[in-house]
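Subject: Structure handover

Hello,

Here is the structure we talked about. Please open it and keep it beside you as you read. My notes follow.

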Amino acid sequence: MHFNLHKTFSTPHGGGGPGAGPVGVSERLKPYLPVPQVEFDGQRYYLNWNIPKSVGKVLTFYGHVGVMLRALAYILSYGKEIDKVSKFAVLNARYLHSLLKDVLWDPYPSSPKMHEVVFSMQKTGISPLDLAKALLDKGFYAPTIYFPLVVKDAVMIEPTETESPGTIRAFANAIKEILQQDPEEVKASPKTTPVRRIKEAEANRGFSKNPTPLTRKSFKAKI
């Protein structure tokens with residue numbers, strides 16, 4: 001079971017937002033599960049370390065605790081109105097789709113839009129990567145690109161439930177402005193960020209030879 005917390009548990013996007021989830025096994029494998037195990041004695045939950053056949057402690061046992069707590073706090077803050085989160089997420093996605101459907105190709109025009117919209121950059125002269133980098137210059141975090149894989153040159157945008165109509169309009173206008181630019185100029189983006197675009201092939205070759213953490217100083221391969 002994988003909990004994608006920004007959907008299943010309605011936690012806001014950002015801040016890492018990793019998923020988590022329990023793993024189920026058959027009864028005969030239970031004695032070998034890692035320790036500690038959460039058990040209930042009828043009055044309280046506790047961590048049981050006394051499991052002789054256990055494979056031992058797994059380093060990441062506690063998982064993404066902070067993200068789990070944030071998801072819980074977010075749900076509790078809405079209370080009985082938690083369903084509004086889904087409604088606003090769908091509304092925002094459909095509003096964004098209405099603003100961009102005439103400038104980007106929708107591969108599934110007859111399908112109802114839910115919490116996200118998928119467009120294709122085909123026939124625009126601009127690649128998904130170019131669009132993502134150019135949006136950084138416009139002050140927007142880039143959407144998911146080249147996914148889903150079944151859509152060529154895909155751009156998947158999830159505006160989320162917390163964005164205002166004004167922000168969504170500004171985001172759509174930024175995309176429209178980028179599409180009106182010379183494609184060669186867009187390929188030079190980003191121009192305003194501390195780290196410019198790296199040469200991906202060169203960076204990959206360098207990383208394979210010396211797989212050390214990349215720092216700003218190491219990003220010297222620029223367009």
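Helices here are DSSP runs of H or I with at least four residues, strands are runs of E with at least two, and both are numbered from the N terminus. This is a predicted model: local features need pLDDT of at least 70, side-chain atom pairs count only at pLDDT 80 or more, and totals for chains, interfaces and linings use all residues. Residues are numbered from 1 along each chain as its sequence is written, and side-chain values use heavy atoms, leaving out hydrogens and water.

**Helix α2**

Helix α2 covers residues 65-78. Its 14 residues should span 20 Å at 1.5 Å a residue, and its end C-alpha atoms are 20 Å apart, which agrees. The expected span is 1.5 Å times one less than the number of residues.

Which residues of α2 are buried? They are Val67, Ala71 and Tyr74. Seen down the axis, the buried residues of α2 fall within an arc of 65 degrees, so they line one face of the helix. The arc is taken from the directions between the helix axis and the C-beta atoms. Gly66, Leu69, Leu76 and Ser77 are exposed on the other side of α2. Buried means under 20% relative accessible area, exposed means over 50%, and partly exposed is in between (1.4 Å probe, protein chains only).

**The hairpin**

Strands β1 (residues 37-40) and β2 (residues 45-48) pair in the antiparallel sense over four bridges. Two strands count as paired if DSSP finds at least two bridges between them. β1 and β2 form a hairpin, with four residues between them. Gly42 sits in the turn, with a positive phi of about 100 degrees.

Asn48 in β2 is the bridge partner of Gln37. Asn48 is buried, because its relative accessible area is 14%. Leaving aside residues up to four places away in sequence, Asn48 touches Val35, Pro36, Gln37 and Glu39. A contact means heavy atoms within 4.5 Å. A polar atom of the Asn48 side chain also lies 2.9 Å from the backbone nitrogen of Asn50.

**The three-stranded sheet**

An open sheet of three strands runs in the order β3-β5-β4, with antiparallel pairing. The edge strands are β3 (117-120) and β4 (144-145), and each pairs on one side only. Helix α3 (residues 83-100) packs on this sheet and touches β3 and β5. The direction of α3 makes about 25 degrees with that of β3. Axes are lines fitted to C-alpha atoms, for helices over the stretch in contact, and angles run from 0 to 180 degrees between N-to-C directions.

β4 and β5 (residues 154-157) share two bridges. Met156 in β5 is the bridge partner of Thr144.

**Backbone points to check**

Most residues other than glycine have a negative phi, and most peptide bonds are trans. Tyr146 has a positive phi, near 60 degrees. Tyr146 lies in the loop between β4 and β5, and is partly exposed at 37%. Thr160 also has a positive phi, near 70 degrees. Thr160 lies in the loop between β5 and α5 (165-179), and is buried at 10%.

A cis peptide bond joins Val35 and Pro36, with omega about 0 degrees. Pro36 is in the loop between α1 (5-8) and β1. The bond from Ser189 to Pro190 is cis too, with omega near 0 degrees. Pro190 is in the loop between α6 (183-186) and α7 (200-209).

Best wishes

Technical notes:
Polar contact = N/O pair within 3.5 Å; in protein donor to acceptor, adjacent residues only side chain to side chain.
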